[in-house]
Structures are given as structure tokens and as C-alpha cells.
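Colleague: I am new to this structure. Could you walk me through a few of its features?

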Amino acid sequence: MKKVVSGNISIELLVGYIEESLDNSAKTEVMHWIEADPENSKFFQLFEEAWKNPDELHAFDKENRESDWKAISGFIEKESGNTAVKARSLSNRWWYRAAGLLLLVSASVLAYFIGLNKQKPMTLAANSYHEIVVPKGEKSELMLSDGTKIWINAGSQVRFPNQFNAATRDIWLDGEAYFEVAKDKERPFLVHTSDLDVKVHGTKFNLKAYADEDIIETTLVEGVVSLETRNLINNVKEEVFLKPNHKAIYLKKKAQISEESEIIREITEPLRPKKILLTKTVQVEPAISWHEGKLIFIDESFESIIMKLERRFGVDIVIDNDQIKKIKYTGVLKNISIEQALKAMQLTTSFDYNIRDNTFVISEKKP
């Protein structure tokens, strides 16, 4: 089941709202969240009905009650000392309802709420997967069961198992994500993309691997990662190690890459398809700033920037002049709308724009 992420809330707040134990500020926060998205409202109705009617939770498997109980109680005790004490004071009623909800409500939905609240997700049914889809115009974050934090960019999709196996921690990415991987010497962390895999033990890095784009970029902030292609040439796999403040560039196929593009400026040898290339030392901030709500551009082409703005704001942008695509821009955009972003760029670059049928059309500036 795919769950489109829209906003975040904690289960603790939902329970407090139902039990009418929240102060006005927290109550308002929950009300705004419910009203923000029909999916949120639908989930809350299901959650509230199950919470108020624990005896009707027929999906609660009595044979697995003890293990599910432990999983949920472990999650709550890790939230905070005060919360754990309060939860235990509610005795078995709290645990019974929570365990019932665990089995009644979709595993994907629960993973979404718990993960976005920056808590460790509960262990659900084995051998199944969560899939989180983040639409254009939004971004999300979650914490995996091993403590790894992931920020997911707009237009991206992440899939991961309910429970990692004993040998590796595998996830699958179509899109862009920033990772802070929890260290585990016994189990490497593997990110699988359309054409290559990234292997880490504990590190911070950004991975941009949209299936509909020709280039995969890995930017390492700290630690060590290795990249391995799955496209075998002469039955030999290629594995490349990346150092901090460097990028690994992988071109999936022959593509028209401008000699003036940011990628060409960064690499030390000709860009070739099906080969992992390492860059010179680079500034990592432009590649990772999106997860902090900023877009940083350093002498970047207008065409490249427009692609990022489309995902960031969930809009369509058309450039009707090839010369405009080559315009370079340096600057920082933070906490602004798409129109504010374009107006800010107009201060240093020459172009006009208008809106036609909900599409932003960029054109040459009139004299």
C-alpha cells in the first residue's frame, strides 16, 4: 500500500486529543492537522473509532498479543520518561488498545506517523514492506527501526522492510534523500537505486537517483561509502569508494551534458556512461541544503534550477528560450513561494515570466 505523506503528527497527540487531555495549543495543532488533508481526517476517524471501541478490535490476534504488546510498550518507553510513566499508569487499557490499533490500521500508515515523529517505528509483521511516496511540493522525514534518519525530497519514493534481516539493512530509493545512517558494524546499510547500490556502515550523505533522470549523484558529508554498479561489463562489478566533501557521478546512458554544466566542472575526467566518476573536492551544502528547507545555487544553470523548483513547489515551469536555460545563478532561496523565488532570481538574472493554465512560462525579458 502506498501512503502519500502530508504533514506530520504524533500518536501521543492523537490519543491526547481523543482523551481531551491536551492544552489549547496542542489541541489546535491536532485540529489543523486533521483539516489539512482528507487523508489525515480519514485516518483520524479510523484511529478514534478503534481507540474508543477496543472490544470491537476483532483483528487483534490473541496468539501474538504478548509480542505485539512488548513492541508497542518498548516504543512508548523510548519516547520520553514522562510519557512512559503516564502511559504505564493507564495500565492494560492503553496497551490493549495500542496493540489492537497496531493490527487494525495499515502498517504503512502507522510507519508514516511514527517515523515522521522522529521515533523508532514499531516492529510489525515480518517479511512485509513500507512504501512512502512523497509528492512534488512536499518533503518528509522518518526514522528507521535501527535509528537511521532519512529526509525524503519531493517527488521521491522509499521502500524498506518492517524488520531488517541479520546480515544487511536494505532500502530502495527512487528520487532523492539525505541519510544519517546509524552505525552497525555487523550489518552494512545498503541503498538500492535503478542502476547502482550505495553501501555504508554509519555516515551522512545525500543520494539523488530519480528513475526518470540520466544521472545519479552521491554526495558524502562524513564517513565512508562505496558505490557498486549492477550493470556488469565483462562480468566484472565496479566498486568505488567515496571520501567526504566529494561526489560520485554516474551517467546511466549517453545524454547531452553541456560542457558548462555543474557536473562537468566538478569531475576530473570525461563523463562516460555506465561508469562511476569521482569529483574534485566540492562544497556539499548546495547538494544537501534542501533537507533543511533551503535551496543553494552556486553558478548553476537556470535549466537545472528550474527542475529543482518544479519538485520543490509542485508546479510546472516551461522555458521558451534556449538562451535563458544557460543563464547562471548564485544565491539562496529559503521559506518563500514559487513567485517569490522567481522574483528574487529576477534581481540578478534577466527574464520575464507569466502564468498560463497553471504553468509558469519563462521568457526573454522585453526591452
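Modeller: We will take a strand, then a sheet with its helices, then a single residue. Keep in mind that this is a predicted model.

Colleague: Let us begin with strand 7. Which of its residues sit on one side, and which on the other?

Modeller: Start with the general idea. In a regular strand, side chains alternate between the two faces of the sheet. Now the case here. Strand 7 covers residues 189-192. Phe189 and Val191 are on one side, Leu190 and His192 on the other. All four are buried, and both faces of the strand are covered.

Colleague: How does strand 7 run against strand 6 and strand 8?

Modeller: Strand 6 (residues 169-180) runs parallel to strand 7, with four bridges between them. A hairpin of three residues links strand 7 to strand 8.

Colleague: Next, the sheet with strand 16. In what order do its strands lie?

Modeller: The order is 16-19-18, an open sheet of three strands with mixed pairing. Strand 16 (316-319) and strand 18 (352-356) are the edges. Each has a single partner strand, so one side of each lacks a neighbour in the sheet. On average, neighbouring strands are turned by 25 degrees against each other, direction ignored. Strand 18 and strand 19 (residues 359-363) run antiparallel, joined by five bridges. Within that pair, Tyr353 stands opposite Ile362.

Colleague: What does helix 12 lie across?

Modeller: Helix 12 (residues 338-346) lies across strand 16, strand 18 and strand 19. The helix runs at about 160 degrees to strand 18.

Colleague: Which residues of helix 12 are buried, and why do they line one face?

Modeller: They are Ile338, Ala341, Leu342 and Met345. Look down the axis of helix 12: the buried residues fall within an arc of 95 degrees, so they line one face. They pack against helix 10, strand 17 (328-334) and the strands 16, 18 and 19.

Colleague: Last, Lys204. Is this residue buried, exposed or partly exposed?

Modeller: Buried needs under 20% relative accessible area, and exposed needs over 50%. Lys204 has 27%, so it is partly exposed. Lys204 belongs to strand 9 (residues 204-209).

Colleague: Which residues does Lys204 touch, leaving out those up to four places away in sequence?

Modeller: They are Tyr178, Phe179, Glu180, Leu220, Val221 and Glu222.

Notes
Residues numbered from 1 in each chain as written. Predicted model: local features only at pLDDT ≥ 70, side-chain atom pairs only at ≥ 80, totals over all residues. Heavy atoms only, no water. Helix = DSSP H or I, 4+ residues; strand = E, 2+ residues; numbered from the N terminus. Buried < 20%, exposed > 50% of the residue type's maximum accessible area, 1.4 Å probe, protein only. Contact = heavy atoms within 4.5 Å. Pairing = 2+ DSSP bridges. Axes fitted to C-alpha atoms, helices over the stretch in contact; angles between N-to-C directions. Arc of directions from axis to C-beta.
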